[in-house]
Amino acid sequence: RTPRQPSRIPKPTHCSLSPVNASPSQTYSQRKGAGDIVSTFNEGGLSPVTDWSGQGTNVKISLSSIALTKPYQFMFQKLSAKADALDEHLEIMGTMLAAKHGCQFENLAKPSQGECKVVGRVCCDSTGKMNASSVVLEGSIDVSYGKRVSVDLRALDKYSLFPGQIVALEGTNPTGRKFIPTKILDAVPLKTRAISPDKPVTVFGACGPYTSQDSLSYEPLADLLSKVREEEPDVLVLLGPFVDVKHPLVEKCDVGDMTLEELFENQIRHVQQNIPSSTHLVVVPSQRDAACDFVYPQPPPEINITSPNLTFAADPCVLEVNGVSIAVTSTDVLFHLSSEEISHPPGSDRMGRLAGHLLQQHNFYPLHPPSEDVNIDYPYFIKHAFFESKPDILLLPSDLRYFVKNVQETVVVNPGKLAKGSGTYFKLFVQGSPQITNSTFVNIVKI
């Protein structure tokens, strides 16, 4: 590829991004290793990418057909609607599991001396963190009348379970009150998309917060924009929070004369004005954004900015970029799962296993009940938070350590947070081949 001439865009300064005349962050100025590549993914043995310039305006970006595109009324969820949505999810997954294994599932509360197969949702029998002795299985209303039974895991050689997980088990239930599984049936894999990438594409991305805790100078964001202006990728994906509700100054509303909504719009407007016109900007909000709706799925931000190279997307969403399917959520599902999952034996690839739960459960947030930081509207969750097919790339930013992994033939990227922890972002190149894992090169870089 022939590098394009650098765009003549003024370098953004931290002052232009700050709502007040903020002093530079001492924490950020004392960081070490700026520009270091801390993780690389290159299973296909591609030549290391040195030219990250994109294809100019020859990039096609669209949202999947199930994407949430407009706000909706939340906080009106009825318990009956929530129960119906959860049972519908269980019925759908149960039907797919029955078809895969060629069986008919039994009522899980029915006494059975012989081997039988059941399906249900994993739950905890008490308040607090689930453990191997507190696992119960909740059946569907149609097959098991919504009943729950305890599960004795001692006969299983290995398992990885969390509350909300839908699993099919084979075993016995001598009394009708305790199921003794001898086998966990394989999950149903997501179907493969018929579309495959047809052109190379380069994507940069980062997850907020975008400023250090001791300042509202937004220096990390300004430095990221400088990198984008210098290297001109096809797409820049920015995930919230942009105005973090947990930032000390935002908590005290010490943001100058701007409202929180004006501050959020100011950030997006400056980003859009300080990147090359050939780079398409995708903005995904966070439930920690002070100016956005606190609900999941979260609708796209309502900002009065229009541009052909700007897309406001929901959380979660699936982007199609030149035939490459990129699934994105700004919600820290990996951290939430890591706090609730129980696994035996220990020592396996924990991060890959946690990411794999999303693909096996066919949705972005399989944990139920959710973390206290996540407000799920279940009727909309069923409509807008499920995978239609296996994504090529899955972006899962988390407070857990950054990583890039091949998980069930999907490239899973946890880029870390731009202004928290190590302070990292990602640079991704897809060559344009049906075999995504062998044609993808990813760097995670310190800002």
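Predicted model: local features only at pLDDT ≥ 70, side-chain atom pairs only at ≥ 80, totals over all residues.

Reader: Which residues of α7 are buried?

Author: An α-helix has 3.6 residues a turn, so residues three or four places apart point the same way. In α7 the buried residues are L263, F264, N266, Q267, I268, H270, V271 and Q272.

Reader: Which peptide bonds are cis, and where do they lie?

Author: Most peptide bonds are trans. Here the bond from G208 to P209 is cis, with omega near 10 degrees; P209 sits in the loop between β9 (201-207) and α5 (219-231). The bond from G240 to P241 is also cis, again with omega near 10 degrees. P241 belongs to the loop between β10 (235-239) and α6 (248-251).

Reader: What is the phi of M75, and is M75 buried or exposed?

Author: Most residues other than glycine have a negative phi. M75 is not a glycine, yet has a positive phi of about 65 degrees. M75 lies in the loop between β2 (61-63) and α3 (79-101) and is exposed, with a relative accessible area of 72%.

Reader: And N322: buried or exposed?

Author: N322, also not a glycine, has a positive phi of about 50 degrees. N322 is in the loop between β13 (317-321) and β14 (324-328). With a relative accessible area of 5%, N322 is buried, because the cut-off for buried is under 20%.

Technical notes
Residues numbered from 1 in each chain as written. Heavy atoms only, no water. Buried < 20%, exposed > 50% of the residue type's maximum accessible area, 1.4 Å probe, protein only. Helix = DSSP H or I, 4+ residues; strand = E, 2+ residues; numbered from the N terminus.
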